[in-house]
Amino acid sequence: MRRASFTSSILSRTLSTVHDGGTVNLHPHLLRVALFSSSRTDNSNSCRHWFSPLLNSFSKSSGQAVSLGLVGVVASVATAASVYAKEPPPAEIIPKDVVLYQYEACPFCNKVKAFLDYYDIPYKVVEVNPISKKEIKWSDYKKVPILMVDGQQLVDSSAIIDQLSEKILPGKAIISVADEDEETKWRRWVDNHLVHVLSPNIYRNTSEALESFDYITSNGNFSFTEKITVKYAGAAAMYFVSKNLKKKYNITDERAALYEATETWVDALNGRNFLGGSKPNLADLAVFGVLRPIRYLRSGRDMVEHTPIGEWYSRMEKVVGESSRIKA
């Protein structure tokens, strides 16, 4: 009963702070919960706070014919295998000890995981409690993802992927902004545009906000009391925050913006299986990574139903395959 009354008290205090015009003032302790997406306030590709936009705002047939047919089958199987094969680097250059500090629902953390999974780099996961952040108190960097690679700390999702690429893909050059190629252009598009249409969609209405926070609290590192409090207070708060995000990024229709973004990505593929051609490149992995947390939420189901991204996404699921995460 004490837990229930505590939760009820927190929730009622949260909801009672809604003023005219939809302004919300939340208790600072609740605002330490990390934001699911669209949380880049300093051009970093990291999940800072699920609620940080609120803090900032308010404080991817004859014998001959049979023979030819068999040859064709063998060729097509070989081609398919090459298309849907992972690209593990040589064993001697794979990092020996990789630990990812993350929030399960963070799109930037999922972007890093898509890279690690595709290249078959074994890694351990430490789920960070977004309220206490005790798991990363040792670090001066207080956002996620943080990736420890053989004792070296890497931060910021795009920078992490660039640095890992240099380690395990020595033949791949990192392109400067001035010489931006297709892959780099679309990686930037993910960070500067795609992620910003996610929050207004997953918190579009109260039922979708509750669905999103049910996923967040079910997969995150929360105590029982925190789960209840964060689910309901967080859903209520983020419903209002999503309205402000719409204004900030000039979004009038959330779903239309999401559909337009995914159709823009499919157009960029231009009939190719992947932006990288026969296999994914870093842009494919980035798009897939940030979309993975929402894929089976209502917004993600609608996205696949109403846009042509589903085939590409299914190919990405196959090629990225099983997680290379090391089970505890």
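**Close-up views of a predicted model**

**View 1. Helix 4 is mostly covered, with 12 of its 12 residues buried.** Buried means under 20% relative accessible area, exposed over 50% and partly exposed in between, with a 1.4 Å probe and protein chains only. This is a predicted model: local features need pLDDT of at least 70, side-chain atom pairs count only at pLDDT 80 or more, and totals for chains, interfaces and linings use all residues. Residues are numbered from 1 along each chain as its sequence is written, and side-chain values use heavy atoms, leaving out hydrogens and water. Among the buried residues of helix 4 are Phe108, Cys109, Val112, Phe115, Leu116 and Tyr118. Lys111, Lys113 and Asp117 are also on that list. The cover includes strand 1 (98-102), strand 3 (146-149), helix 5 (157-168), helix 6 (182-192), helix 11 (282-291) and helix 13 (310-320). Helices (H or I, at least four residues) and strands (E, at least two) are DSSP runs, numbered from the N terminus.

**View 2. The length of helix 4 (residues 107-118) agrees with expectation.** Its 12 residues should span 16 Å at 1.5 Å a residue, and its end C-alpha atoms are 16 Å apart. The expected span is 1.5 Å times one less than the number of residues. Aspartate 120 follows helix 4, with a positive phi near 55 degrees.

**View 3. Helix 10 (residues 254-269) crosses helix 12 (residues 298-306) at roughly 55 degrees.** Their axes come within 10 Å. That angle makes helix 10 oblique to helix 12. Arg255, Leu258, Tyr259, Thr262 and Glu263 of helix 10 make the contact with Arg298, Ser299, Asp302, Met303 and His306 of helix 12. Contact means heavy atoms within 4.5 Å. Axes are lines fitted to C-alpha atoms over the stretch in contact, and angles run from 0 to 180 degrees between N-to-C directions. Angles under 35 degrees count as roughly parallel, over 145 as roughly antiparallel, 65 to 115 as roughly perpendicular and the rest as oblique.

**View 4. The loop between strand 2 (124-127) and strand 3 holds proline 145 and lysine 133.** The peptide bond from valine 144 to proline 145 is cis, with omega near 5 degrees. Lysine 133 has a positive phi, near 55 degrees. At 12% relative accessibility, lysine 133 counts as buried. Most residues other than glycine have a negative phi, and most peptide bonds are trans.

**View 5. Asparagine 250 lies in the loop between helix 9 (224-248) and helix 10.** Its phi is positive, about 55 degrees, although asparagine 250 is not a glycine. Asparagine 250 is exposed, with a relative accessible area of 69%.
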